[in-house]
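Please read this briefing beside the sequence and the 3D view. The notes are grouped by topic.

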Amino acid sequence: MSETANLPDLETAFRLHGAGRLAEASSIYRAILQQYPDHPSALHYLGVAEAATGKFDAAQSLMERSLRAQPHNLQFI
């Protein structure tokens, strides 16, 4: 079972993110993290969104957490 199988909102967040609607995508990533604080993809892509909006310290922290959650995920390196 994929990590997104029970999180349909994650797919919505990915589509919004890809369309440049970062605030909306970030809101979904944060909602997922409320329920699953160590969700690697939500951490990573929220970090990407934060970096894109100039919030580099927050981005770094989120991306480091995603790497700790899945250290062998080459997508996060």
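Which residue just after H3 takes a positive phi? Gly54 does, with a phi of about 85 degrees. This is a predicted model, in which local features need pLDDT of at least 70 and side-chain atom pairs count only at pLDDT 80 or more, while totals for chains, interfaces and linings use all residues. Residues are numbered from 1 along each chain as its sequence is written, and side-chain values use heavy atoms, leaving out hydrogens and water.

**Overall layout**

- The chain has four helices and zero strands; helices (H or I, at least four residues) and strands (E, at least two) are DSSP runs, numbered from the N terminus.
- Of its 77 residues, 36% count as buried, where buried means under 20% relative accessible area, exposed over 50% and partly exposed in between (1.4 Å probe, protein chains only).
- Among contacts (heavy atoms within 4.5 Å) between residues at least 6 apart in sequence, 36% join residues at least 24 apart.

- H3 has 13 residues and spans 18 Å from its first C-alpha to its last, close to the 18 Å expected at 1.5 Å a residue; the expected span is 1.5 Å times one less than the number of residues.
- Buried residues in H3 include Leu43, His44 and Leu46.
- His39 lies in the loop between helix H2 (22–35) and H3, and is buried because its relative accessible area is 8%.
- The side chain of His39 reaches the backbone nitrogen of Ala42 at 3.1 Å, a polar contact (a pair of N or O atoms within 3.5 Å; within protein, one must be able to donate a hydrogen and the other to accept it, and residues adjacent in sequence count only if both atoms are side-chain atoms).

**An aromatic pair**

- There is one aromatic pair, by a rule under which rings of Phe, Tyr and Trp (its six-membered ring) pair if their centres lie within 6.5 Å, with planes under 30 degrees apart stacked, over 60 edge-to-face and the rest tilted.
- The ring centres of Phe14 and Tyr45 are 5.1 Å apart and their planes are at 70 degrees, so the pair is edge-to-face.
- Phe14 is in helix H1 (residues 8–18) and Tyr45 in helix H3 (residues 40–52), 31 residues apart.
- Phe14 is partly exposed, because its relative accessibility is 28%.

**Helix H4**

- Ala59, Leu62 and Ser66 are buried in H4.
- Seen down the axis of H4, its buried residues fall within an arc of 70 degrees, so they line one face of the helix; the arc is that of the directions from the helix axis to the C-beta atoms.
- Asp57 and Arg68, on the other side of H4, are exposed.
- H3 is part of what covers the buried residues of H4.
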